[in-house]
Amino acid sequence: MQAYLSILYLRLPESFKIILRGQVVGHHNVADDLKFPEFILYKPQTGGCIEGAVVTTIGFLKEAPQINVHGFCVYHKNRLILPFWQVVSYSDSRGRGVVGVLEANFVKPTHNKQDFERTSLFQKVEVRLKEMTWEYWDYHCGLIGYQVKKKLRPSVTRQISLHSVSQSSMQQRTSSAIVGTKVTTAALAFQHQAINSSRKLVGGKESAPGPKKRTEEGLQTKRREHINLPESGKQEGQAEKGANVVYPGQNLGMQPINATANQLKDQEAVNLMQENKKLRAKCLEYEKSREALHLKVEQLKSEIRDSQQEYDRLMTELQFLDTIKEEKNVNM
C-alpha cells in the first residue's frame, strides 16, 4: 500500500503530504528508476485533428533483467490511473523490463479512476504503446544482455531508400534531357550544312551568280527551309516531350507547389469542418445536461415543498395534541 501511494501522483506540491498510519509516505517517480531512457512525443489524431500531445519516458528498470516488472504507468491530470499497464505479451521475453511513464490528459478515465473508457482514442494509444515497447526492445535489448535482432531503424532505411530513388530518377531525367538537346542540335546543324552545300558548285568552287540567279537560289533556299522546318520542329517536339528539356527562364516547381498549397488548404478546411462538428456535438451534450440538471432542480424544489407541507402538518398535529394534553391535566 505504501509503495502504491508513493507513485499515486506524478508531481506533489511542497505543502501536500500523504500520511499512512502516522507516517509520511515519500513521493517516488518511476521515471527516475529507468536506465537508457528515451523521450518519445506522441500526438494522437482523430479525423485529421490532433487530440493532444504526450511525451512518454521509456527505458529499462535499473534492476532489469533480474526483476520481472514491465508496463506503463499512465497518469491523468497528475493522478495514477493504470500502474504498470502491460500492453504486450511477455511470454517470449520480448519487451521484458521495459517500463514507461506518461500523462494522458486527453483520454477520459472512468468514474472510479481505476481505468480509462474504452474509446477509439484510447485504443490508438494502446496500439502506439505496443509499437513503442517492441521498437525500444528491438534496438536496446543488447544493453541488458539479450541478443539484438535489428541493426537499423526502419524509418532511417526508408529515408535512405527514398533518397537514393529520388537521386537516380533525377539523374535519369538530366541525362535524357542532355541526350534530347544533343539530338535537336545535331538535326539543326545537319539542316544548315545541307542548305550551305546547295550553294556550292560541283567542282568545289562557288559561282558568281547574277541578281536573277541569286533571287532564284534564295527562293529555293527558303522553300527548302520551309520544307525542313516542320520536320525539325516535330523532332524537337518529340525530343522535348520524351526528354523533358529544360529551357532558361522556365519556372519549374510552381505547379507542384501550387498543388501542394491547395491540398494543404483543402485539408485545413476539412479539419476545421470536423472540429466544428465536434464542437457542435459537445454543445448539444451540454444542452442536454443543462436540461437534465434543470429538471432535477425542479424535482428537488417540488420535494422540498412537499416536505415543508408535511412538516407544517406535523407541527399542527403536535400543537393539537399538546392542547388536548393540557386540558386533560386541568380536568384531573
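1. Going through the whole structure turns up eight salt bridges, taking one to be a side-chain nitrogen of Lys or Arg within 4 Å of a carboxyl oxygen of Asp or Glu. Before the details, some housekeeping: this is a predicted model, so local features need pLDDT of at least 70 and side-chain atom pairs count only at pLDDT 80 or more, while totals for chains, interfaces and linings use all residues. Numbering runs from 1 along each chain as its sequence is written, and side-chain values use heavy atoms, with hydrogens and water left out.

2. One of the bridges joins Arg 94 to Asp 138, with 2.7 Å between the closest N and O atoms. This pair links distant parts of the chain, 44 residues apart: Arg 94 sits in the loop between strand 8 and strand 9 (98-103), Asp 138 in helix 2. Helices (H or I, at least four residues) and strands (E, at least two) are DSSP runs here, numbered from the N terminus. Are the two partners buried or exposed? Arg 94 is partly exposed, with a relative accessible area of 25%, whereas Asp 138 counts as buried at 5%. The cut-offs are under 20% relative accessible area for buried and over 50% for exposed, with partly exposed in between (1.4 Å probe, protein chains only).

3. Two further bridges are worth a look. Asp 115 pairs with Arg 118, the closest N and O atoms being 3.0 Å apart; Asp 115 is partly exposed at 23% and Arg 118 is exposed at 51%. Arg 290 and Glu 287 meet at 2.9 Å, N to O. These two are three residues apart in helix 5 (residues 254-331), so about one helical turn separates them. Arg 290 is exposed at 54% relative accessible area, and Glu 287 is partly exposed at 37%.

4. There is also a salt-bridge network, made up of Glu 310, Arg 313 and Glu 317.

5. Now helix 2. (The expected span is 1.5 Å times one less than the number of residues.) The buried residues of helix 2 include Leu 121, Val 125, Arg 128, Leu 129 and Thr 133.

6. On aromatics, the count comes to six pairs. The rule is that rings of Phe, Tyr and Trp (its six-membered ring) pair if their centres lie within 6.5 Å; planes under 30 degrees apart count as stacked, over 60 as edge-to-face and the rest as tilted. Trp 85 and Phe 122 are a stacked pair, because their ring centres are 5.2 Å apart and their planes are at 20 degrees. Trp 85 lies in strand 8 (residues 79-85) and Phe 122 in helix 2 (residues 120-140), so the pair ties together parts 37 residues apart in sequence. Both Trp 85 and Phe 122 are buried. Separately, Phe 60, Tyr 136, Trp 137 and Tyr 146 make up one aromatic cluster.

7. Met 132 is another helix 2 residue, and it counts as buried because its relative accessibility is 1%. Setting aside neighbours within four places in sequence, Met 132 is in contact with Ile 40, Thr 56 and Ile 58, contact meaning heavy atoms within 4.5 Å.

8. Ile 58 picks up the story in strand 6. Ile 58 counts as buried at 0% relative accessibility. Not counting residues up to four places away in sequence, Ile 58 touches Phe 36, Phe 72, Met 132, Thr 133 and Tyr 136, among others. From Ile 58 to Val 98 is 7.0 Å, C-alpha to C-alpha, although they are 40 residues apart in sequence.

9. Thr 57 is in strand 6 (residues 54-61) as well, and is buried at 12%. Beyond neighbours within four places in sequence, its contacts include Ala 31, Phe 39, Val 99 and Val 101.

10. Phe 39 itself belongs to strand 3 (residues 34-42) and is exposed, with a relative accessible area of 60%. Together with Leu 41 and Val 55, Phe 39 forms a nonpolar surface patch of about 330 Å² accessible area. Patch residues have over 30% relative accessible area and no salt bridge, like charges being joined within 9 Å and nonpolar side chains (Val, Leu, Ile, Met, Phe, Trp, Tyr) within 5 Å. Accessible areas come from the Shrake-Rupley method with a 1.4 Å probe; for residues, only the protein chains shown count as cover.
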